[in-house]
Structures are given as C-alpha cells and as structure tokens.
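Thanks, everyone. I have one model to go through this morning, and I will start with a single residue before widening out. Please have the structure open.

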Amino acid sequence: MLGTLVQRRLLYAVVFAVITAVGLLGLVLFNQQAAASASQVATVTLETVGSTTPGAAMTVQVVANDTRNLAGFQAKVRFDATKLRLLDASAANDLEKSGRDLLALEPVEQSGAVSIGAATCPVKDCHATQPKLAQRIDRGVNGRVVLATIEFAAEQPGQYALALENVKLVDPQGNAIAFTTSNAVLDVATQ
C-alpha cells in the first residue's frame with residue numbers, strides 16, 4: 001500500500017511537471033508570436049494591376065499591408081512626366097470596411113507627381129443631418145488596404161520608376177501609424 005501511494009505521488013509529480021512544461025512552452029511561443037506581431041510595421045507599396053502595354057491605361061494601386069486601426073492616409077506618387085501620362089487618380093474605398101464614412105481628397109497633380117489622400121469620419125454617414133445622434137465607430141481597418149488607384153499611359157515600351165513620397169498613415173484618433181514604403185517599376189512590355 002505504501003508502495004502504491006509513493007507510485008501515485010510520483011505519477012502525479014511527473015504529470016504536473018509535464019503539464020507545467022507544456023504550459024510554459026506555450027506561453028513562450030505565444031509571447032514570441034505577440035512580440036513579432038506587435039513589432040510588425042505596416043508597408044505602403046505600389047502594385048501594378050492588369051495590362052501594361054504601350055498606349056493602354058495602366059493601373060497602379062497604392063496599398064497598405066499589415067495595417068492596424070487605419071483611418072486615413074496621404075501620399076505622393078512621383079513619376080517621369082516626359083514618359084508617363086497621368087490619366088486618373090482616386091482614393092479607393094477600402095477604408096470604409098470598418099463602417100466609417102470616407103472623405104476623399106481630390107487628387108492634386110503637380111509636374112511629375114500626384115498627391116492623393118482620404119480620411120474617415122467616426123460615423124457611417126459624414127454628411128448626416130444629426131451627426132451627434134449617429135453611432136460612433138472608433139476603430140479603423142486592419143490588414144491589406146487599397147488606398148488609391150492611379151492610371152498612367154506610356155507610348156513606348158520600357159521601365160518607368162514610380163516613387164512614394166510624403167506618405168502618412170493615421171488611426172481614428174489622428175495618431176501616426178509606423179510604416180515603411182516600397183517603390184515600384186512600371187514595366188511596359190511590347191504588344
């Protein structure tokens with residue numbers, strides 16, 4: 001009987017040690033994932049969508065990846081105006097995915113650049129006649145967010161550099177969101 005009692009206590013001690021070790025391992029892995037996730041910084045990139053043939057409209061999107069609580073942005077896209085012609089630029093409506101209404105700024109064209117931006121207001125309809133009665137939405141969007149769409153045309157095949165400048169990302173409270181940028185090359189192929 002004494003031997004059985006010792007064996008049970010030993011078994012309980014081993015089970016307790018295994019459970020504790022598994023729990024500690026899980027905690028360490030969870031903390032590493034949380035730290036990696038918390039240190040992950042948003043990236044703002046230029047992505048080509050669709051056709052890139054001479055003479056055709058070529059679409060480039062300004063995209064924010066790995067965002068958290070995004071509610072507004074501004075960016076300037078610089079290009080070689082002697083080789084690329086700006087056809088159109090507009091803010092995308094992905095920022096509305098949180099339920100907040102979008103206030104898009106009109107694009108501003110400069111020589112060899114276009115500036116674009118948008119913000120969201122804390123309600124579903126920014127133009128409501130009684131905004132104080134509207135339900136507030138305090139969160140922005142997360143993940144991959146298309147911020148703007150820009151269309152160019154090039155008459156000749158070639159590679160044309162596009163650069164992001166003066167980029168700002170903000171949360172619903174107007175606080176800056178950390179990010180990195182990545183420029184792009186628009187590769188216009190022969191037909």
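Let me start with Leu105. Leaving aside neighbours within four places in sequence, Leu105 is in contact with Gly117 and Ala118, where contact means heavy atoms within 4.5 Å. Leu105 sits in strand E5, residues 101-110; helices (H or I, at least four residues) and strands (E, at least two) are DSSP runs, numbered from the N terminus. Leu105 counts as exposed because its relative accessibility is 51%; the cut-offs are under 20% relative accessible area for buried, over 50% for exposed, and partly exposed in between, with a 1.4 Å probe and protein chains only.

Some ground rules. This is a predicted model, in which local features need pLDDT of at least 70 and side-chain atom pairs count only at pLDDT 80 or more, while totals for chains, interfaces and linings use all residues. Residues are numbered from 1 along each chain as its sequence is written, and side-chain values use heavy atoms, with hydrogens and water left out.

On confidence: pLDDT is the predictor's confidence in each residue, from 0 to 100. The protein chain has a mean pLDDT of 83, with 75% of its residues at 70 or more. Where is confidence lowest, and where is it highest? The lowest mean, 51, belongs to helix H1, residues 2-39, and the highest, 97, to strand E3, residues 72-78. Over residues 27-38 the pLDDT is below 50, and beyond near neighbours in sequence that stretch has two contacts in the model.

Now E3 itself. Five of its seven residues are buried, so E3 is largely enclosed by the rest of the structure. E3 pairs with strand E6, residues 113-121, in the antiparallel sense over seven bridges; two strands pair if DSSP finds at least two bridges between them. Within that pairing, Arg78 has Ala113 of E6 as its bridge partner. E3 also pairs with strand E8, residues 158-170, again antiparallel, over six bridges.

Next, the open sheet. Five strands run in the order E4-E7-E2-E1-E9, with mixed pairing. E4 and strand E9 (179-182) are the edge strands, each pairing on one side only. E4 and E7 are antiparallel over six bridges, and in E7 the bridge partner of Ala89 is Ile150.

The structure holds one aromatic pair. Phe79 and Phe152 are edge-to-face, at 5.0 Å centre to centre and 65 degrees between the planes. For reference, rings of Phe, Tyr and Trp (its six-membered ring) pair if their centres lie within 6.5 Å; planes under 30 degrees apart are stacked, over 60 edge-to-face, and the rest tilted. Phe79 is in the loop between E3 and strand E4 (85-91) and Phe152 is in strand E7 (residues 141-153), so the pair ties together parts 73 residues apart in sequence. Phe79 counts as buried at 8% relative accessibility, and Phe152 is buried at 0%.

Last, the core. A nonpolar core is a set of buried Ala, Val, Leu, Ile, Met, Phe, Trp, Tyr and Cys residues joined through side-chain atoms within 4.5 Å. Of the 37 residues in the largest one, Val62, Leu70, Leu147, Phe152 and Leu186 touch the most other members. E7 gives the most to this core, with six residues.
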